[in-house]
Amino acid sequence: MESKIIDTFGRPHSYLRISLTDRCNLRCFYCMPEEGIELMEKPSIMTLEEIIRISKTFVDLGVDTIRLTGGEPLVRKGFDFLARELTNLGVALKLTTNGILLDQHYDLFEEIGLNKINISLDTLDKAKNAFITKRDYYDRIMKNIREGIAKGFQIKLNVVLIKDVNDKEINDFIALTKDQNIDVKFIEFMPFKGNKWDWSKGVSEAEILNIVRAKYGEVKTLKNPKHSTSNNFQVQGHQGSFGIISTITNPFCADCNRIRLTADGKMMNCLFANSEIDLLSPHRNGETIDQLILNTIKQKKYSRDGMELKMDANHYEKNRSMISIGG
Ligand code: SAM
Ligand code: SF4
Ligand code: SF4
């Protein structure tokens, strides 16, 4: 069924990203503001039952894919119950995680058929990992990644590139794709409230491709799946592939099918939206929310919540911090 959640540009929205919590066991500097964030109070966070019921409303309107994110989704109490129940709604369930708690969930993922996992890993250097995340979980994350690959999960590594932090490691990540069927997704550094964004710290799609070509020669351009948010490539002879999420220099908004739901039950039309619509309160009041969802999507702007030409601090500083949106 084609989704009924259609914006004024005729784009049907079938992909819901749910942030399960604004809590996290890491403190990545590009995501979590240095001064921390004001954490959501428990009563304002959707209960597991509320997440399931609100998700069901989205599914009935045509959502067929749900990605669980956060904060760190695997720190949410009752995660296993929730994942089972969402799978029972008949959606393709996906996960973005920092990998720390993966080993405790592989059996569940095998049971419910969740076989695609995005893991954030910005560096292959233990000391640098501690610098980026402000915590020391590198060995555990690497062990869990190896275990996931050995168990046959389809692993994508998300790498946010930042100049003079990890830009010299681009080809080290590409080397991982040689003998393993993993996909490395390089992500252009994006601005959110409090993350001290400055594009001079970013690494663009064109720069990334130049660095890879300088070492490996011409790379094969892969056909992008529908609604892809990355351009995808493969080095000749490598088993795995790589992609570039070029939200800053070459955004993929024309075909956007994504909706976000924050842990406190607010619907966001775009990653950069600084307006949001509360679905949880009307749901708690016993009202139906399907018409509210259909009306909200009509407010979606064409690209980057109206920042078509450039990222504007007056806009994104009014947005949430990434850790409370659910990237
Ligand atoms: N904690 C989980 C994780 O790290 O995978 C899920 C939530 S995290 C907010 C989701 C994704 O957003 C991660 O891949 C992270 O690297 C990415 N992200 C966070 N801040 C970003 C930024 N400023 N620019 C680009 N990507 C960012
Ligand atoms: Fe936590 Fe993920 Fe943000 Fe890092 S990127 S602080 S792991 S939510
Ligand atoms: Fe969709 Fe907004 Fe991302 Fe563009 S920036 S792809 S409109 S969520």
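Me: How do the residues of the shell around ligand 2 divide into nonpolar, polar and charged?
Reply: This is a predicted model: local features need pLDDT of at least 70, side-chain atom pairs count only at pLDDT 80 or more, and totals for chains, interfaces and linings use all residues. Residues are numbered from 1 along each chain as its sequence is written, chains are lettered from A and ligands numbered from 1 in the order in which they are written, and side-chain values use heavy atoms, leaving out hydrogens and water. Ala, Val, Leu, Ile, Met, Phe, Trp, Tyr, Cys and Pro count as nonpolar, Asp, Glu, Lys and Arg as charged, and the others, Gly among them, as polar. The shell of ligand 2 holds 4 nonpolar, 2 polar and no charged residues.

Me: Which residues are around ligand 2?
Reply: A residue is near a molecule if one of its heavy atoms lies within 4 Å of it. The residues around ligand 2 are Cys24, Leu26, Cys28, Cys31, Gly71 and Asn98.

Me: Which residue has a polar backbone atom 2.9 Å from a nitrogen atom of ligand 1?
Reply: A polar contact pairs N or O atoms within 3.5 Å; within protein, one must be able to donate a hydrogen and the other to accept it, and residues adjacent in sequence count only if both atoms are side-chain atoms. Asn158 places a polar side-chain atom 3.1 Å from an oxygen atom of ligand 1. Tyr30 has a polar backbone atom 3.0 Å from a ligand nitrogen atom. The backbone atom at 2.9 Å belongs to Met190.

Me: How much of the area that ligand 1 exposes alone does the protein bury?
Reply: Accessible areas come from the Shrake-Rupley method with a 1.4 Å probe. Taken alone, ligand 1 exposes 550 Å². The share buried by the protein is 95%.

Me: Is His238 buried or exposed?
Reply: Buried means under 20% relative accessible area, exposed over 50%, partly exposed in between (1.4 Å probe, protein chains only). Because its relative accessible area is 8%, His238 is buried.

Me: Which side chain joins that of His238 in a polar contact of 2.9 Å?
Reply: Contact means heavy atoms within 4.5 Å. His238 touches Ile174, Thr177, Lys178 and Tyr216, not counting residues up to four places away in sequence. The polar contact of 2.9 Å joins its side chain to that of Thr177.
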